[in-house]
Amino acid sequence: MNLKEYLKRRQRLVDGALHRWVPGENEFPPQVHQAMRYSLFAGGKRLRPILALAAAEAVGGRVVDALPLACSLELIHTYSLIHDDLPSMDDDDLRRGKPTSHKIFGEALAILAGDALLTEAFHLLTRPDLMKGVSAQRRLRAINQLARASGSCGMVGGQVMDIASQGQKIEPYLLEYIHSHKTGALIGASVCAGAIIGGASPRQYRALKSYGEKLGLAFQVIDDLLDVQGEERNLGKAVGKDEAKGKVTYPVLFGIAKSHRKAEVLVEEALGHLQPFNERANPLREIAKFILKRKK
């Protein structure tokens, strides 16, 4: 399959739905909706939504049923980026090559825009006019996945430990905890929730859950490497900030070569969990390979 074309088509599909379902810039109060949409349409890859759609398709589900879920994932992801960039957190001036939200709208409105995006994600998942082909039970399970992956036992918990460990000497198990929660949790939940919406059997769900967990950790290991080896013009954000802030990363703990090998092993393991699936899972296979080679 042509992954580049697949990703473009899916990105256009998700962007179109986001434009329809997220309040417009002129909807009252316009300030917060402008801030929400500024970050939401700043040029993201839509990886998490695409993973959700691909997982639903892999188990025989319909893209139209999984599209609200896909959009909700991007809303949650964007909220997390806005908050991550704040001066009290990572204090970043650039995101995807553009000034971060608080640089444009101020800290207070950036915080509120992030809050609104998170809340809008769950509003979207519970709209009665959407996902009519999905049972209430499956929808509830998917919502549960996203809520847990976003909160203190997932993404927020990983961010807390990331902040707490800055400048500290930590053990490998804690580094894996940080990465698998701060980044990996939402990537894993994208796959799991997509599988649920698509009607996965228990065996299919377990396999895709394992795939998502390995993929999420591999994504963050590569992210660590890009902060050391990447180029700012490709990444759209400053490089070398992890070391400057005293963050413990895979390259810091294990070195460049071992970190690359760690990512390779994680992707190999992720692909192994897809063996029971037919060609419908090919997008998931190609995305795993793409993550290993990504430059931004």
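Colleague: In this predicted model, what share of the contacts between residues at least 6 apart in sequence joins residues at least 24 apart?
Modeller: The model is predicted, so to speak of its limits: local features need pLDDT of at least 70, side-chain atom pairs count only at pLDDT 80 or more, and totals for chains, interfaces and linings use all residues. Residues are numbered from 1 along each chain as its sequence is written, and side-chain values use heavy atoms, without hydrogens and water. A contact means heavy atoms within 4.5 Å. Of the protein chain's contacts between residues at least 6 apart in sequence, the share joining residues at least 24 apart is 74%.

Colleague: Which helix holds Lys 262?
Modeller: Lys 262 lies within residues 256-272. That run is helix 15.

Colleague: Is Lys 262 buried, partly exposed or exposed?
Modeller: Buried means under 20% relative accessible area, exposed over 50%, and partly exposed in between (1.4 Å probe, protein chains only). Lys 262 has a relative accessible area of 28%, so this residue is partly exposed.

Colleague: Which residues is Lys 262 in contact with, leaving aside neighbours within four places in sequence?
Modeller: The heavy-atom cut-off of 4.5 Å applies here too. With those neighbours left aside, the contacts of Lys 262 are Glu 176, Leu 217, Val 221 and Tyr 250.

Terms used. Helices (H or I, at least four residues) and strands (E, at least two) are DSSP runs, numbered from the N terminus.
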